[in-house]
Amino acid sequence: MFKRVMVAVVFIPVIFLVLFWCPPIVLPVAVSALSAIAIHEILWSTGCVKHFRISLYSGVLGALIPFWVHFEGGTSVALLGLFVYVVLLFCEAIASKKTVTLEKMGSAFFVSVMIPFFLSSFIRIRAMDLGAYYVMLPFLAAFTSDAFALFAGMLFGKHKLAPELSPKKTIEGAIGGFAGAIVGCCLYGLVIQLGWQMKPDYAVLGFFGALGSVVSQLGDLSFSYIKREYKIKDYGNIFPGHGGVLDRFDSVIFCAPLTEMLLLLLPFFRAA
């Protein structure tokens, strides 16, 4: 627990620094680095694709996607990148004498596109009108849900949520995470209202927190499903007490695109 708290103490200021005070290019650089590390973690920790060149191609593709989003690259650029990547995958498969299977190629393609494209929601949110106020929401919903679920589970947890995937998670913890995310998002609205004279819609903020918690917990269970299938404990060890990038950002990977989609339909801040 001490290691988890210390990582949070160091990590939270870094998030604020990247999102609010660094030059705009730093955000896609950070998303690119996290994506490349996450892709490497899942391919190698599971043993699904322990192939240096395929891992390299996948990491490069994942690292480039956030820059494609940041610079608003067109369809032709995306098509070119995916075409080169798929051709390289099949070249490796042909040269491997059937050891690189369709399953391995499909797994590499899936994680190399899904992870960076979902995480790039932070870049797209930051570029929105009032994006500076919105960009913290995926972290806020996911991390408050995680934290409240942890403490509620420790205090009240009796009924297992999904014991075959995550033995420590409980229904009581899930309910606590759900409530905590709603409260956290509404408190964020209050901070913005008092500090920046914006008028938030608290009902919409609570809705963001509720849905954010649901998909965050689903993201956590989804990546736990992969870990249980391949019988591994963590994807990596880059964050002491947390594991790898995927162990820490599994819930955020699901919450960020949901938040982006909701913001396109339900923006909730307006000038005072």
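Setting aside neighbours within four places in sequence, Ser55 touches His40, Leu43 and Trp44. Keep in mind as you look around that this is a predicted model.

Where does Ser55 lie? This serine belongs to helix H3. Is Ser55 buried or exposed? Its relative accessible area is 8%, and buried means under 20%, so Ser55 counts as buried. One of the residues it touches is Trp44. The C-alpha atoms of Ser55 and Trp44 are separated by 8.2 Å, and the two residues are 11 positions apart along the chain.

The table puts the two pairs side by side.

| Helix pair | Distance between axes | Angle | Handedness of crossing |
|---|---|---|---|
| H3 (residues 52–70) and H5 (residues 102–119) | within 9 Å | roughly 25° | right-handed |
| H2 (residues 26–45) and H5 | 9 Å | about 150° | right-handed |

Start with H3 and H5, whose axes cross at roughly 25°. Angles under 35 degrees count as roughly parallel, so H3 is roughly parallel to H5. On the H3 side, the contact is made by Ile54, Ser58, Leu61, Gly62, Ile65, Pro66 and Trp68. H5 contributes Ala108, Ser112, Val113, Pro116 and Phe117. How many of these residues are nonpolar, polar or charged? The contact of H3 with H5 has nine nonpolar residues, three polar ones and no charged ones.

Next comes H2, which packs with H5 at about 150°. Angles over 145 degrees count as roughly antiparallel, which means that H2 is roughly antiparallel to H5. Here Val31, Ser35, Ala38, Ile39, Ile42 and Leu43 of H2 meet Ala108, Val111, Ser112, Ile115, Pro116 and Leu119 of H5. By class, the contact of H2 with H5 holds 10 nonpolar residues, two polar ones and no charged ones.

Finally, step back to view the whole protein. It has 11 helices and four strands. Its C-alpha trace spans about 60 × 45 × 30 Å along the principal axes. A compact globule with 272 residues would have a radius of gyration near 19 Å, and the protein agrees with that, since it has 19 Å. Of the 272 residues, 47% are buried. What share of the contacts with a separation of 6 or more joins residues 24 or more positions apart? Such pairs account for 73% of those contacts.

Notes:
Residues numbered from 1 in each chain as written. Predicted model: local features only at pLDDT ≥ 70, side-chain atom pairs only at ≥ 80, totals over all residues. Heavy atoms only, no water. Axes fitted to C-alpha atoms, helices over the stretch in contact; angles between N-to-C directions. Helix = DSSP H or I, 4+ residues; strand = E, 2+ residues; numbered from the N terminus. Parallel < 35°, antiparallel > 145°, perpendicular 65-115°, else oblique. Left-handed = near helix turned anticlockwise from the far one by under 90°. Contact = heavy atoms within 4.5 Å. Nonpolar A, V, L, I, M, F, W, Y, C, P; charged D, E, K, R; others polar. Rg over C-alpha atoms; globule rule 2.2 N^0.38 Å. Buried < 20%, exposed > 50% of the residue type's maximum accessible area, 1.4 Å probe, protein only.
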